[in-house]
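Colleague: Please take me through one part of this model with care, namely the place where the two chains meet.

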Amino acid sequence: MMHEFQSQRIAHTPVNLSLPERYLYVVSGAALVAFGVFRRGGAWLAVPAGLFLAAKGMVGSSPLYKRLGINTAVKFQSEAGAASVPHQQGVHVRSSITIHTSPEAIYQVLKEPDNLRRVLPHIQDVQVFDPTRGRWVIRLPAKQTLTTEIEIINDVPNEVIGWRSAGESPIAHAGAVRLKPAHDWGTEVHVEAEYVPPAGVLGTAAATLLGIEPTQLVKEALRNLKQWIETGEIATTDGQPSGRANSGSTAPSNSSASRIDAQSYQPER
Amino acid sequence: MRAVCWQRPNHVSVENVPDPTILNPHDAIIRVRLTSICGSDLHLYDGFIPSMLPGDIIGHEFMGEVVETGREVHHLKRGDRVVVSSIIGCGQCWYCQQTLWSLCDNTNPKAALAETAYGYSGAAIFGYSHAFGGYAGSHAEYIRVPFADHGAAVIPDSVSDPQAVFVSDAFPTGFTAAEYCNIRPGDTVAVWGAGAVGLFAMRSAYMLGAARVIAIDRFPNRLDMARTFGQAETINYGEDADVVEQLKQMTGGRGPDACIDAVGLEAHAGGLPGMYDAVKQAMRLETDRPHVLRQIIQACRKGGNVSIIGVYGGLVDKIPMGAAFNKSLTFRMGQMHGQRYLRPLLERVERGEIDPSVIMTHQLSLEEAKQGYEMLKHQNNDVMRVVFAP
């Protein structure tokens with residue numbers, strides 16, 4: 001499932017148009033050619049344009065989509081039963097943290113849905129169907145939610161847990177959590193994952209603005225996991241007083257507040 | 001409750017805000033009895049610490065009385081009189097277990113912000129900007145103290161409130177500065193900056209075996225305090241322009257064995273170097289004015305120790321690295337690890353080795369916050385430490 005790292009680069013394939021889009025290109029291209037040829041007096045410029053569109057539809061590749069990182073072909077490939085994140089088509093996420101405890105303790109925590117509810121950012125619900133299948137419901141802005149089914153595809157106690165998205169998941173994703181002893185520091189927790197954003201780089205940018213960009217989410221989840229395991233609580237200032245209006249009740253969550261700060265805050269140079 | 005809120009550089013206001021509540025199981029709520037303006041609060045006031053938001057409650061040096069405890073607080077109870085470390089440590093991470101409390105992994109909820117600036121996030125600090133956690137500070141009637149079992153120490157009955165409050169920050173910070181000097185019996189230690197931290201560093205240097213302490217400042221009242229409280233010889237850099245030469249003559253041509261920078265990022269300097277840093281800082285070409293640090297590197301004896309305890313926040317310029325390298329200087333620096341020192345320093349106060357209350361020159365009410373900050377900023381009224389009694 002995991003292939004070698006491509007540090008958060010969007011990989012490209014020649015085919016990035018979905019089948020309906022390709023049909024649309026071919027049909028409209030052919031119509032343009034016909035228009036150019038049969039129009040009285042001739043509309044000869046329309047002929048090469050039509051040929052171009054038709055050819056594009058037949059090849060199935062859009063340079064504009066490529067530039068934008070959009071690949072509407074992916075969904076169809078997924079439904080055809082391939083891996084949830086097709087080879088070379090995901091955005092890579094990689095993060096690690098060291099937790100001051102044993103691999104066994106971390107593994108136990110990860111296997112308990114209640115703990116996932118605590119440490120996963122923006123999580124609304126974690127449902128468990130059976131030992132290898134479950135469902136996560138993630139809160140989005142404007143009271144929207146994103147539901148994704150999870151399938152555990154690799155489980156070596158105290159060493160690795162691998163997953164992939166399954167069933168009706170709007171975002172295809174797959175990844176693994178690996179545990180590695182680190183002398184008196186405790187245990188290194190390495191997360192590697194890939195996902196296919198719904199609309200390429202545009203989707204990733206939108207997600208970043210909304211505070212749900214997966215790289216940020218993974219980092220935050222690991223930090224929360226560490227705090228939860230080491231101290232039994234997750235550090236927060238949500239609900240503390242301040243001299244700002246409505247403090248203590250409608251203060252923004254730490255996570256989103258910190259990201260807003262991080263964007264506006266530049267170390268002086 | 002009433003609380004002092006940072007609004008913008010050079011502007012604080014006293015506001016009505018909600019009372020703090022227990023948010024996590026290791027929290028305690030403390031009714032603040034005394035809280036001081038630390039020299040580092042002036043960096044916030046002057047606008048040199050980024051990631052402040054209007055409305056942030058400031059203040060980090062305080063003592064008070066426990067009024068409520070979370071369900072996982074086991075060593076404190078309602079009514080305990082406590083002094084609280086200004087930095088917040090979880091007690092469980094690798095760093096805390098090595099007693100490197102100011103490097104705590106777990107207490108900064110906005111760690112991503114600190115990582116952006118520093119690569120990794122250290123411990124949170126009360127009331128000291130969002131890069132350091134964004135926790136509400138102590139210039140208020142009540143304060144929420146996370147991980148209170150580690151951060152709050154019960155004050156012995158024989159130690160008064162004014163004696164205890166500086167064990168929160170200034171005294172352990174000065175003690176840490178002296179520890180960074182790797183003092184051997186008989187050493188001479190020079191301390192730049194005779195503010196509260198510098199004064200505690202002078203006393204701590206003697207506690208750790210120094211034979212001589214030399215203080216460098218320019219304010220007469222501070223030099224007086226350095227002589228009386230700090231038991232130091234003094235150099236007034238306003239009069240003796242060549243501090244390096246003066247130190248050389250006072251040490252038989254060798255230079256001090258260790259030098260402490262208890263000034264930090266807003267050093268005053270005269271002449272061209274001073275103007276150079278003031279202009280660059282004003283233009284934001286460098287964030288910190290490192291004049292003292294440059295002078296220390298020049299003044300310190302070969303193979304000596306440089307201890308940096310005055311706060312730096314960002315970038316400095318024109319550090320004489322060649323001098324530091326070729327003289328084989330040892331540099332040690334960083335925030336103090338407060339939880340490590342609370343009880344040992346309270347014991348020194350209890351035994352009568354030192355009376356920290358001497359540096360508390362002004363006690364004001366919270367409502368007088370603005371006057372307090374202005375007084376400390378402009379060094380009016382022979383001020384050393386302003387303390388609020390909320």
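Modeller: Contact here means heavy atoms within 4.5 Å, and by that criterion 30 residues of chain A and 49 residues of chain B take part. The model is predicted, so to speak of local features pLDDT of at least 70 is needed, side-chain atom pairs count only at pLDDT 80 or more, and totals for chains, interfaces and linings use all residues. Residues are numbered from 1 along each chain as its sequence is written, chains are lettered from A and ligands numbered from 1 in the order in which they are written, and side-chain values use heavy atoms, with hydrogens and water left out.

Between them, chain A and chain B bury about 3,400 Å² (accessible area, 1.4 Å probe, lost on being put together and summed over both), and 58% of this lies on carbon and sulfur atoms. The two chains are also linked by 3 salt bridges (a side-chain nitrogen of Lys or Arg within 4 Å of a carboxyl oxygen of Asp or Glu); one of them joins Arg244(A) to Asp56(B), with the closest N and O atoms 2.8 Å apart.

On the side of chain A that touches chain B, the elements giving two or more residues are helix H8 (214–231) and helix H9 (254–264) of chain A, helices being DSSP runs of H or I with at least four residues, numbered from the N terminus. H8(A) supplies the largest share of that side, 5 residues.

Note on methods
Buried area = accessible area lost by both parts, 1.4 Å probe.
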